[in-house]
Protein chains: 2
Amino acid sequence: MERMKSRPKDRWHGKDGRAANKAAPGRRPQHGTLPEARAVYGLHAAEAALANPKRKIRHAYLTENAAAKLGAAVAGRGIASSLLTPPELDALLGRDAVHQGAVLDAEPLAQPGLDEFLDGLPEGEPAALAMLDQVTDPHNVGAVLRSAAAFGIAALIVQDRHSPPLTGTLAKAASGAAEHVPIISTVNLARALERLKEHGFECIGFDSDAEEQFSTVDAVAARTVFVFGAEDKGLRRLVREGCDALYALSAPGKIKSLNISNAAAIVFYEAAKAHCAG
Amino acid sequence: MERMKSRPKDRWHGKDGRAANKAAPGRRPQHGTLPEARAVYGLHAAEAALANPKRKIRHAYLTENAAAKLGAAVAGRGIASSLLTPPELDALLGRDAVHQGAVLDAEPLAQPGLDEFLDGLPEGEPAALAMLDQVTDPHNVGAVLRSAAAFGIAALIVQDRHSPPLTGTLAKAASGAAEHVPIISTVNLARALERLKEHGFECIGFDSDAEEQFSTVDAVAARTVFVFGAEDKGLRRLVREGCDALYALSAPGKIKSLNISNAAAIVFYEAAKAHCAG
């Protein structure tokens, strides 16, 4: 592991803010500001990425503290690395980000398409999935992914447009879950629901206007997809109409709307309980 | 509502970064960078603060869009206000913050002490409370507060040290819930648990090492306090020992630890269900 000698502003940024990627080739990796799509940061996210043999990692940038925790995993995979100070890592990410001393230059994970995923699912095998309809905040999508991994949700389905990149902020909020739960991007969510029904999935949507409360549900189908909308807009019409059933999550208190990741955590927990009981 | 005429950097900040609070007195409010302890921002948080007669608000800083939504409430309370641009609001907050065009200069809400709160609780009245043991991230505390308001948790108890200010980031994440759920700061959480027991509360702690799973609990005492530790450190020994029972939140998947606000949401939801059923 080499210590960076030059000051980050010389190394990574030209005076005009563009990346200065003109370092002599072959001597060390070239460090322009890492784009969101290539950065995996945060101790848990970096640790999980290092433990995932399918994650291609080009370089590890670590503080001394983070190197004490992750250095063995980095060396074990033969990944080139540099020791940096926290401000140097700030500069590398080019923005405020809670990197906890660990930043990986990594490629986004290859993700399956919906058909590929469904074809790979053994016939009759139970599975719970989640679908997010235009949830754009990467913190929220990452937090949903973390709960999905915790409660055995097999995949997250999102629309390819209106979804944040699967790295950076999302991966940090997912706290390692991005390595475990595939994220299936699809052009049209209503059509995806049709495909899921053909494979025996019951499509359960959540809508604050729904008449039935989710808390009254005491059984979840062996194959279920839970469909959540954005906090402000809810489910779009075609997605809502594509659901087999709609439920509200009862909030008896003075605030009626739940944060999307909290709503999803409750649903995944209940589903896991129902599956264990069933 | 007056439009700010001077450029924010002249108005709010001296060249050396200190607030320039030397404007002629009586002409307009003085706008130095708002400290975290006095800022309430975000549309939901500002709207709820404006609707709370107990919240003292000195000044409202709004973009034109936010003024279209909140202007009537501001005028209805006779609160002085200024129209600002989004970058001017950024400068007012002095840091990256998702203000959504609405920033209030407000005083922190007066919060009850533990004895005052308990004395005000009618004898025999059921109540669910939550306690956070050194959860320091204001996003997390705010998100817990939001779920608390959604599921009728009567108060949140925190240690006075090691807790974030009850405004700013916390109030934004709480999405208005800071107006509804009192936050009781106390010097010693273990002693607070003793006081709660004297008032008939059962103290339920969450600990990843606990042998019993929370999902097996099918009844919650009429008076219960749910006790959560920080994600990395868990409950401190004296707090853990002060609990009547310890449960783990089962996460059968590949990630074992839940985000604190997601864990709390699940517990509050289950408790509300148990109370409704009971």
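How much area is buried between chain A and chain B, and what share of it do carbon and sulfur atoms give? The area buried between the two chains is about 2,600 Å², and carbon and sulfur atoms give 57% of it; buried area here is the accessible area, taken with a 1.4 Å probe, that two parts lose on being put together, summed over both. This is a predicted model, in which local features need pLDDT of at least 70 and side-chain atom pairs count only at pLDDT 80 or more, while totals for chains, interfaces and linings use all residues. Residues are numbered from 1 along each chain as its sequence is written, chains are lettered from A and ligands numbered from 1 in the order in which they are written, and side-chain values use heavy atoms, with hydrogens and water left out.

**The interface between the chains**

- The contact, meaning heavy atoms within 4.5 Å, takes 33 residues from chain A and 33 residues from chain B.
- On the side of chain A, the residues that lose the most area to chain B are A:Arg146, A:Ile255 and A:Tyr269, which together make up 26% of what that side buries.
- Between chain A and chain B, 16 residue pairs are in polar contact, both residues being at pLDDT 80 or more; a polar contact is a pair of N or O atoms within 3.5 Å, where within protein one must be able to donate a hydrogen and the other to accept it, and residues adjacent in sequence count only if both atoms are side-chain atoms.
- The elements that give two or more residues to the side of chain A that touches chain B are α6 (138-150) and α10 (260-277) of chain A, and of these α10(A) gives the most, with eight residues; helices (H or I, at least four residues) and strands (E, at least two) are DSSP runs, numbered from the N terminus.
- The residues on that side of chain A divide into 16 nonpolar, twelve polar and five charged, where Ala, Val, Leu, Ile, Met, Phe, Trp, Tyr, Cys and Pro count as nonpolar, Asp, Glu, Lys and Arg as charged, and the others, Gly among them, as polar.
- B:Pro252, placed in the loop between β11 (245-247) and α10 (260-277) of chain B, is in contact with A:Ala150, A:Phe151 and A:Ala272, once its neighbours within four places in sequence are left aside.

**Salt bridges**

- Over all chains, a search of the whole structure finds 24 salt bridges, each being a side-chain nitrogen of Lys or Arg within 4 Å of a carboxyl oxygen of Asp or Glu.
- Four salt bridges are found across the interface of chain A and chain B, and one pair that meets in a salt bridge is A:Glu270 with B:Lys273, at 3.2 Å from N to O.
- Within chain A, A:Asp105 forms a salt bridge with A:Arg38, the closest N and O atoms being 2.7 Å apart.
- That pair links distant parts of the chain, 67 residues apart, with A:Asp105 in strand β5 (residues 102-106) and A:Arg38 in the loop between α1 (8-12) and β2 (39-41) of chain A.

**The sheet of chain A**

- Six strands of chain A form an open sheet with parallel pairing, in the order β8-β7-β6-β10-β9-β11; two strands pair if DSSP finds at least two bridges between them.
- The edge strands, each of which pairs on one side only, are β8 (183-186) and β11 (245-247) of chain A.
- Neighbouring strands of this sheet are turned by 25° against each other on average, direction ignored; axes are lines fitted to C-alpha atoms, for helices over the stretch in contact, and angles run from 0 to 180 degrees between N-to-C directions.
- Strand β9 (residues 202-206) and strand β10 (residues 223-229) of chain A run parallel and are joined by four bridges, with A:Cys203 standing opposite A:Val225 in β10(A).
- Helix α8 (residues 189-198) of chain A packs on the sheet and touches β6, β7, β8, β9 and β10 of chain A, its direction making about 170° with that of β6(A).

**The sheet of chain B**

- Chain B has an open sheet of six strands with parallel pairing, in the order β8-β7-β6-β10-β9-β11.
- Helix α6 (residues 138-150) of chain B lies across β6, β7 and β8 of chain B and runs at about 155° to β7(B).
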